[in-house]
Amino acid sequence: MECRKAEQLMQPFVDGTLDISKMREFVEHVEICQNCYEDLEIHVLVQEGFARLESGSAFDLKREMQERLHTSNTFILRREKLLSVIYIIELAAGMTVGILLAALVAKVWI
């Protein structure tokens, strides 16, 4: 992903509105691009910092960034595992139907 595209996705990431494929690309890029990571810190600081300032609670930007990226990576991995399981179930169901149809056809011909 290019930095220009990552910049466009920063606010949707902070808002939690990115779809899974864009989130994966965005997180991978931000984890290796120091400039984009720093820009993301600013977005998080603005959103979370002001919210916490109003509520009077403490705010640790480094911890917040680590938690957001970790949470996103965990979500991505769980979603990919779920999609893999669904694919396997669909494949098994399709094979079962194929076997049953083959058995029915074989009985009809006997």
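Is Glu80 buried, partly exposed or exposed? Glu80 counts as partly exposed, because its relative accessibility is 30%, between the 20% limit for buried and the 50% limit for exposed. The legends below describe close-up views of a predicted model.

**View 1. A salt bridge joins Arg24 and Glu80.** The closest N and O atoms of Arg24 and Glu80 are 2.6 Å apart. Arg24 belongs to helix H2 and Glu80 to helix H4, so this pair ties together parts that are 56 residues apart in sequence. Arg24 has a relative accessible area of 28% and is therefore partly exposed. In the whole structure, a search finds 3 salt bridges. Side chains of opposite charge can pair when their charged atoms come close.

View 2. Arg63 is partly exposed, with 35% relative accessibility. Glu67 is also partly exposed, and its relative accessible area is 37%.

**View 3. Arg68 and Glu64 form a salt bridge between buried residues.** The closest N and O atoms of Arg68 and Glu64 are 3.0 Å apart. Both residues lie in helix H4, 4 residues apart, which is about one turn of the helix. Arg68 and Glu64 are both buried.

**View 4. The largest nonpolar core has 19 residues.** Phe13, Phe26, Val30, Leu40 and Leu69 have the most contacts inside this core. At least two core residues come from each of helix H1 (3-15), helix H2 (20-32), helix H3 (34-55) and helix H4 (61-109). In soluble globular proteins, nonpolar side chains tend to be buried together.

**View 5. Leu40 and its contacts.** Neighbours within four places in sequence are left aside here. Leu40 is then in contact with Met10, Phe13, Val14, Phe26, Val30, Met65 and Leu69. Among these, Phe13, Phe26, Val30 and Leu69 are named, along with Leu40, as having the most contacts inside the largest nonpolar core.

**View 6. Ile42, Val46, Phe50 and Leu53 make a nonpolar surface patch.** The area of this patch is about 430 Å². Leu53, one of the patch residues, is found in helix H3. Leu53 counts as exposed because its relative accessibility is 64%, and exposed residues have over 50%.

Conventions:
Residues are numbered from 1 along each chain as its sequence is written. This is a predicted model: local features need pLDDT of at least 70, side-chain atom pairs count only at pLDDT 80 or more; totals for chains, interfaces and linings use all residues. Side-chain values use heavy atoms; hydrogens and water are left out. A nonpolar core is a set of buried Ala, Val, Leu, Ile, Met, Phe, Trp, Tyr and Cys residues joined through side-chain atoms within 4.5 Å. Buried means under 20% relative accessible area, exposed over 50%, partly exposed in between (1.4 Å probe, protein chains only). Contact means heavy atoms within 4.5 Å. Patches are made of residues with over 30% relative accessible area and no salt bridge: like charges are joined within 9 Å, nonpolar side chains (Val, Leu, Ile, Met, Phe, Trp, Tyr) within 5 Å. Accessible areas come from the Shrake-Rupley method with a 1.4 Å probe; for residues, only the protein chains shown count as cover. A salt bridge is a side-chain nitrogen of Lys or Arg within 4 Å of a carboxyl oxygen of Asp or Glu.
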